[in-house]
Amino acid sequence: MANYNIDAKKNMTYDAIVIGSGISGGWAAKELCEGGLKTLVLERGRIVEHVIDYPTMNNDPWDLELRGALGPEDLKKHPIGARAGFVGANNEHFYANDLENPYTEVKPFLWVRGHQMGGRSMLWGKQCYRWSDLDFAANATDGHGVDWPIRYKDIEEWYTYVEKFAGISGQALGLPQLPDSHFLPPMELNCVEKDIKSRIEKEFPGRVMTIGRVAHLTEPLNGRGQCQFRNRCDRGCPYGAYFSSNAVTLPAANATGNLTIRPYSIVNSLIYDEEKGKATGVRIIDAETNEHMEYYAKIIFCNASALSTTQILMNSTSGRFENGLGNDSGELGHNLMDHTYRVGAMGKIEGYEDKYYKGRRPNGIYIPRYVNIDEKTKTDKFVRGFGYQGGGGRANWGAGANQEDFGADFKDGLMKPGPWEFFITGFAECLPYHENQVTLDKENVDKWGQPTLAIDCEFKENEKAINRQIKADAVEMLEKAGVKDIVGFDNEHEPGYGIHEMGTARMGRDPKTSVLNATNQIHAVKNVFITDGACMTSSSCVNPSLTYMALTARAANHAISELKKKNL
Amino acid sequence: MQFQNSKRKTYRIMDRRTALKKTALAAGSAALVPSLFSLLQSCQQQARLSWEPIFLTIDQAELVSTLADTLLPKTETPGALDMKVDMFIDMVFAKLFDKTAQDAMIAEMNEFDALCAEKFGGKFAELDAQDRKEFLKQQESVSPKYNGKVWGTAVGVQEPVGFYRTFKSLALWGYFSSEEIGKNVLNYDPIPGKYLGCIPLQDVGNSWSL
């Protein structure tokens, strides 16, 4: 801990408080600290120092008794994480204990959490795509939800700003629906991906396949090393090659001398001062001692993750805000969104038996949205659109289980790479429905006596219609690309599965129908900023984290400027 | 290095049918003192295995060993038993499976052996090599298969694949995740350093292990 100031007790008052240290909280901390503000970051979990606290980063399968599988005792702590399918012995310590953090699934909803310094920035998929005006204008265009109070031109420079510091690798394409980032060199496609790319682009004019745009360094940046292609990202990267708060933003914040980070600090609620018309601080519960404490600041950034931020605001009641801080519109908790995925197609490729690759690329291919991007591509089956992620590679020994064979030749054959396989899986934009919502459940409290969340959310006909096309198009593209033994699939999973939960405290132009303004401030409480997934007004079909980063940097710099002008 | 091929005792295939006959004779000949009988049987069985199961009974362990050996025999490269795959599977049953999964697995193992006895006149471990192969060929043709996976999760609804294919999958896991195979038989490349998307297979040879 020597590197971080965690002694929050000697000072209860700061210039700024940041709730949460994940992707958006880390950016808020960096920007506010670099802007000269004494900043307290409240993290509900433990300290995770870059490299020092990555105990499993170099494990080989045989280093663990169960070779990386999670035993039943550990698995019991992760019923939700396990449903998502990503929890194992090497990353279990970065997934929250689901038993200690219950919520109610009014309808099935997967809420995967990471309660430690760095949050889910330790675990994320790292895919980074800019939004376009197709996305920012979507609600206004088709009438679902309310209009975003910003357009691409308002955020463009902030995308560039965060990309230059985070490090995003990818291929520039000049597509209007998927603006190019400030790119580091792209990762390479393998032989089969190149082949399928050329066939799809030839057979389907207007469709493009490219390497994924990812927050991995393909060349060194600011003292961080480049990706070594180990693909052990979710254990923590010793090279700091992928973007996490722990490797990138929090060390930068710390370098200013303005950062204090207090671990085990569960924010219970914000303190609202009716006379000042501002929030003056936060009430916290120490997760270990159960001690209740208060911290004070001029501005407060909420970055607890979409649903946790909304939970805190709902729990922050006062005479002025009986239904939760900033909830004049009644929209707090509503318009919850996610992306559908695990719908697409997979199959085998004949040929290329004499070709292979080196390295485990933590990235795949991307097929940007091609439907409903202009009049020519408009469909009457649904509004909005979808993109695909996927990739190709050669089967390994794991494929042996299905082979109708055994014995000496079978075993020796498995030493060689198997056939090439390829898959794509769609990510569909989900509409903001008022009735997809979270509410505070005061009957069921957590181990700290706090109300829990009840989540009532479902995909509806538009999402299902998009998924039908995702599957049909995926099968068709693979057929035309010469893929064999094609299996189309739609796992029809519950929302939350995409781990892109967002909305519930949306930005908007009108305080009567939204919670936040164009600079992520609560309309009626301007010194409270919400820049995590809660702020989202619509969901686009691309991964959201890059947009959280840009919105956060933009809002933090607005906050600093407003503070200087004494407007907050 | 954990691979100590020479130190593993040769697996002794007991003459189970003879043993059964003797037991039957003994059972028929006298009122038994159960504890003495169990002790005797246990000693006999212990001698048949070269390792001590932590979860399985001796009978079940024999099935696991013989099945793993038939699936992945020793060739120029080590076999499943060289890699202690049978001991690994016993440990997986003990430590990875919860009670429900353990009970189901035991029941399926018993069914597997019962079917084997019905078709070939003895438990799997009692059969000669040819009969073992014949039975496994039948199992291959009737066992459901695993669905494809995307990022570790099966696509579609996975129907249960039954004991044989589950076991085969465990045996492959235990074998190919062992240190000897991972480091010295397959190509071990813990820190590739770069990604090359299209290179001649002959420059690599066997698969990458990680």
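In chain A, β8(A) and β9(A) form a hairpin with four residues between them. In its turn, A:Gly277 has a positive phi of about 70°. The model is predicted: local features need pLDDT of at least 70, side-chain atom pairs count only at pLDDT 80 or more, and totals for chains, interfaces and linings use all residues. Residues are numbered from 1 along each chain as its sequence is written, while chains are lettered from A and ligands numbered from 1 in the order in which they are written.

Strands (E, at least two residues) and helices (H or I, at least four residues) are DSSP runs, numbered from the N terminus. Two strands pair if DSSP finds at least two bridges between them. β8 (residues 265-273) and β9 (residues 278-286) of chain A pair in the antiparallel sense over eight bridges. Within this pairing, A:Tyr272 stands opposite A:Ala279 in β9(A).

β9(A) also pairs with β10 (residues 292-302) of chain A, in the antiparallel sense and over five bridges. A:Ile285 has A:His292 in β10(A) as its bridge partner. β9(A) and β10(A) form a hairpin as well, with five residues between them. A:Asn290 lies in that turn and has a positive phi of about 65°.

Chain A contains 12 helices and 20 strands. Its C-alpha atoms fill a box of roughly 75 × 55 × 45 Å along the principal axes. The radius of gyration is taken over C-alpha atoms, and the globule rule is 2.2 Å times the number of residues to the power 0.38. For 568 residues, a compact globule would have a radius of gyration near 24 Å; the 23 Å of chain A agrees. Buried residues (20 or more other C-beta atoms within 10 Å of their own, C-beta atoms being placed from the backbone) make up 55% of the 568 residues.

Contacts require C-beta atoms, placed from the backbone, within 7 Å. In chain A, 72% of the contacts with a separation of 6 or more join residues 24 or more positions apart.

Between chains, 48 residues of chain A are in contact with 49 residues of chain B. β12 (355-358), α10 (408-413), β15 (420-428) and β18 (484-490) of chain A each supply at least two residues of the side that touches chain B. The largest share, four residues, comes from β12(A). The residues on this side of chain A divide into 22 nonpolar (Ala, Val, Leu, Ile, Met, Phe, Trp, Tyr, Cys and Pro), 14 charged (Asp, Glu, Lys and Arg) and 12 polar (the others, Gly among them). β12(A) pairs with β3 (residues 196-200) of chain B in the antiparallel sense over three bridges. There, A:Tyr356 stands opposite B:Ile199 in β3(B).

How values were computed:
Contact = placed C-beta atoms within 7 Å. Buried ≥ 20, exposed ≤ 12 C-beta atoms within 10 Å, placed from the backbone.
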